[in-house]
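Please set out how this two-chain model is put together. Cover the core, the contacts between parts and the sheets.

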Amino acid sequence: MSYIESTGKYVGLIRRVFSRPERFKVYYSRTITEIMTIGLSSIGIVIILSVFMGAVTVIQTASNMDSPLLPRYTIGYITRSSTILEFSPTIISLILAGKVGSNIASEIGTMRVTEQIDALEIMGVNSASFLILPKIIAAVFFFPFLIVLSMGMSLIGGYMAVYFSGLASTEEYLFGIRSFFKISDVTYALQKTAVFAFIMTSVSSYYGYSTKGGALAVGKSSTDAVVWSSILILLANFILTQLLLL
Amino acid sequence: MIRVENINKVFGENHILHDFSASFESGKVNLIIGQSGQGKSVLAKCIVGLMEVTSGNIFYDDLNFTEMDRKERKEIHKEIGMLFQGSALFDSMTVEENIMFPLSMFTKMSKKEMLDRANFCLERVNLEGRNKLMPAECSGGMQKRVAIARAIAMNPKYLFCDEPNSGLDPSTSILIDNLIQELTYEYNMTTIVITHDMNSVIEIGDNITFIHQGYNWWTGTKEEIIKTENKEIIDFVYASKFMKSLKGKLG
């Protein structure tokens, strides 16, 4: 019953979020700020994770290729496919759900318990829209760029692994990552990313917005936000893969 | 003027407000006093629309607030300034940006006009030149004054203050009280102050409503509250040894 109630409240909140903004100019500048806060500030972690993700994928693929009949460029091909189709959009989104999701939930949760949200409401501001809409727009717009960056860095990480380990030649690796390339794979990954970005920002905002109590409640909201964002991202990943790839 | 008629507020099994009726006059500081947990803050939140009443009516002048939709309430909210117990300043904004915020959302003022207004409000609360401070860099008393400056930025008709003196030393409390009173008289606002600070009652209480167990137990002036024989009010007003000794001296 509480899940149904929570879903209802979430839908109600999202309806308020997408109501007409009071002042477009203010929302625009808030969106730019959010792009910097939740987008640009995540570039570092995305680069580090992606480089290692690509490198590990290369090593794991090579270590599982026992058959001498398999060409070595398969390492590059598998690294590219798994990175573009799954690792970059899903794994990076899950990690961003942890970083950005907890940040959003604790920021909005703190505003709730310190009555800043009440202050906005008293002024006549639609607090849900004012606080949440710029975050959703920033994430849905900017996270696909992060994922493209992640794809590139992951392939560079794979290249470095090949170069230093000698599991295949760099020429074979480069040939592999260009083999059987379909642009639709990238489109599919970016579509998924946009959906994941919406899920992580809206779910985290919901948990922050509905915080009741004090510091402990903010911590709990933050944890719930990460847990539920992650679960819903995985669920959405399953559904989207069915819908878009099959 | 704000009028509440037969308000009831129920949370599950808890009946917080019982047929509460009161009227709060414009140009006066209206105090709502009572012990903790008697329903003062719930009453204030119901009046400003942060909580919905279970039954009853709230009137802003002659407009029935309880029957308004969200859009109509928004218009009333633009005429309300509120000072929260914890100041509720936006901690990502400077003092100046906090004061300019409602102006940037709801007026078409230029940046310079907003800045002039912010400076005027800061001057009014004796904080001129503190524009660029962040809320975290301000003392408790300063934060309250910034919150008052933000509350009056839009020239509100109604001012709500939820325990404006909590956490402040006696002299800063008196400063805040006097500021609220001055602004109320100057702008002819309908001011409602929620408090359990007896100093505030004596200092600025033009109309006092005593709330007890969710009922409007008593209404009167500060002169009347000192002389009343009502047991619950006597227990509240003369709870401290100091007030008891004062009462003994005054006879």
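The report below takes these topics in turn.

## Basis

This is a predicted model: local features need pLDDT of at least 70, side-chain atom pairs count only at pLDDT 80 or more, and totals for chains, interfaces and linings use all residues. Residues are numbered from 1 along each chain as its sequence is written, while chains are lettered from A and ligands numbered from 1 in the order in which they are written.

## Nonpolar core

The largest nonpolar core holds 130 residues. Such a core is a set of buried Ala, Val, Leu, Ile, Met, Phe, Trp, Tyr and Cys residues joined through C-beta atoms within 7 Å. A residue is buried if 20 or more other C-beta atoms lie within 10 Å of its own, exposed if 12 or fewer, and partly exposed in between, with C-beta atoms placed from the backbone. A:Met200, B:Leu43, B:Met82, B:Ala149 and B:Phe160 touch the most other members. Helix 6 (residues 127–165) of chain A supplies the largest share, 18 residues. Helices (H or I, at least four residues) and strands (E, at least two) are DSSP runs, numbered from the N terminus.

Beyond its neighbours within four places in sequence, A:Met200 is in contact with A:Ser93, A:Leu96, A:Ala97, A:Val100, A:Gly101, A:Ala139, A:Ser229 and A:Ile233. Contact means C-beta atoms, placed from the backbone, within 7 Å.

## Contact between the chains

Chain A brings 13 residues to the contact and chain B brings 15 residues. On the side of chain A, helix 5 (residues 116–123) gives the most, with 6 residues. That side divides into 5 nonpolar, 3 polar and 5 charged residues. Here Ala, Val, Leu, Ile, Met, Phe, Trp, Tyr, Cys and Pro count as nonpolar, Asp, Glu, Lys and Arg as charged, and the others, Gly among them, as polar.

## Domains of chain B

Chain B is divided into domain 1 (1–79 + 156–221) and domain 2 (91–153). The bounds come from an automatic or database domain assignment. Their C-alpha centres lie 24 Å apart. In the contact, 10 residues of domain 1 meet 8 residues of domain 2. Helix 6 (residues 170–187) of chain B gives the largest share of the domain 1 side, 4 residues. That side has 7 nonpolar, 2 polar and 1 charged.

In chain B, 4 strands form an open antiparallel sheet in the order 2-1-4-5. Strands pair if DSSP finds at least two bridges between them. Strand 1 (residues 2–11) and strand 2 of chain B pair over 7 bridges. One of the pairs is B:Ile7 with B:Phe20. Helix 1 of chain B packs on the sheet, touching strand 1, strand 2 and strand 4 (55–60), at about 115° to strand 1. Axes are lines fitted to C-alpha atoms, for helices over the stretch in contact, and angles run from 0 to 180 degrees between N-to-C directions.

Of the 9 residues of helix 1 (residues 40–48) of chain B, 7 are buried, so this helix is largely enclosed by the rest of the structure. Among them are B:Leu43 and B:Cys46. B:Gly49 follows the helix, with a positive phi near 90°.

## Mixed sheet of chain B

Another open sheet of chain B has 6 strands in the order 6-7-8-3-9-10, with mixed pairing. Strand 6 (80–83) and strand 10 (215–220) each have a single partner strand, so one side of each is left without a neighbour in the sheet. Strand 6 and strand 7 (residues 158–162) of chain B run parallel over 4 bridges. Helix 6 of chain B lies across strand 3 (28–33), strand 7 and strand 8 (190–195), at about 135° to strand 3.

How values were computed:
Contact = placed C-beta atoms within 7 Å.
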